[in-house]
Amino acid sequence: MKRLLLTLCLSVFGVASLLAGNYPQRSDVLWVTVPDHADWIYRTGEKASVEVQFYRYGIPQDGITVHYELGGDLMPADASGSVVLKHGRATIPVGTMKQPGFRDCRLSATVDGTTHRHHIKVGFSPERIEPYTQLPSDFKAFWDTNKAEAARFSLTYTKTLAPEYCTDRIDCYLVKLLLNKQGQAIYGYLFYPKNAEPGSCPVVLCPPGAGIKTIKEPLRHKYYAESGMIRFEIEIHGLNPTLPAETFKEISNAFNGRENGYLTNGLENRDNYYMKRVYLACVRAIDLLTSLPEWDGRNVIVQGGSQGGALSIITAGLDSRVTACVANHPALSDMAGYKAGRAGGYPHFFRTAGMDTPEKLRTMAYYDVVNFARFVTADTYLTWGFNDDTCPPTTSYAVYNTLACPKEALITPINEHWTSEATEFGHLEWIQRHLK
């Protein structure tokens, strides 16, 4: 297994060179947490400790009390204590784990009446994390049947020039892709290299992160089209992205609460679950991309983060035309993991009453990323951070360890639920190295 390991342990003196501002989010305080293993990874049974540093205005804070709680990834605390900083530093014993997983050290310090919080997770034999979610015996048959049914509806879409997103190097079109006779659809922005020749372009599908929202900053990844690729940035709810942001907010407020959100809609029945149409829409988006005369006839890439990372892996598992898959911190991964007494994947159904039922657990298995990961054959590149509480590292490892395809990982321990612009551009560079 080829593995790229990036560990970002910030020192107080390195911050100015690494960040645009002098401190993260222009804060007056800076936490620095340094595990005694540089890669933040330990063997099960091995004891871990973390040195904590706390600065205010760049000055080490002496005599400040730091309170800490220790617990499993997204699990309640099982230990707590406090340390007093000497020359701005102290060491906290994090302990160990008997089973593969992550342990979270949650910190707080109060200065002049204001409490500042931080946390750091370290892993114990995470390469041995296995998903709790099991593969249903008819999983493949279920999805093959639904793909065949969706394919009976002829490929139908409209394509309108979006001049506000055209440049001297790329053209952009707003696409509405119909999914069925009922008129359900998805929208997306389709970016082309300017004057693209027939048969010249790899195609890239980019599904969105979670939520009911417009396609934010469509030109953020314009470098895909500038480098010669066709990129399709989609939404999944059938809402025109040119609608005002306030309209999206009102729709989300009305239909996307914790108890009635789209990710819970129909969860008690695998045939009626909201995300069935979304998963199949991603396959239809591949149908559209591979129908374009400019497609090079070989390369089909999926790329996204969070829910978009989940949908990228899912599409790669559903569609053998996909040749490369790039995903960061995928959501919808080992969602029932809480049944094993550890972190489960976003959207963390088990935090909402009424979700832990046999019917809903059964449906989850048909829609869980780990089960699609079993069928991915495309070259795959995953990246995730340890400090992520939205898509926790436990579930990212559960997915990565399940993949049997050619795979690589970029692990950035310090990251929470974000990726840097350098990491995002690195996705393109990885794709370019894996073109067929």
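The open sheet in this predicted model has five strands in the order 3-10-9-6-7, with mixed pairing. Strands are DSSP runs of E with at least two residues, helices are runs of H or I with at least four, and both are numbered from the N terminus; two strands pair if DSSP finds at least two bridges between them. At the edges, pairing on one side only, are strand 3 (41–42) and strand 7 (77–84). Strand 3 runs parallel to strand 10 (residues 114–124), and two bridges join them. Y42 stands opposite F124 in strand 10.

A word on conventions. Residues are numbered from 1 along each chain as its sequence is written. Local features need pLDDT of at least 70, side-chain atom pairs count only at pLDDT 80 or more, totals for chains, interfaces and linings use all residues, and side-chain values use heavy atoms, leaving out hydrogens and water.

I turn to the helices. Helix 2 (residues 139–151) packs against helix 5 (residues 274–291) at an angle of about 65°, with the axes 10 Å apart; axes are lines fitted to C-alpha atoms over the stretch in contact, and angles run from 0 to 180 degrees between N-to-C directions.

Finally, the cysteines. How many disulfides are there? The count is zero, a disulfide being a pair of cysteine sulfur atoms within 2.5 Å. The sulfur of C201 is too far for a bond, because the closest cysteine sulfur, in C172, is 15 Å away. C405 is also in no disulfide, with the sulfur of C325 nearest at 7.7 Å. C201 is buried at 2% relative accessible area, where buried means under 20%, exposed over 50% and partly exposed in between, using a 1.4 Å probe and protein chains only. C405, at 8%, counts as buried.
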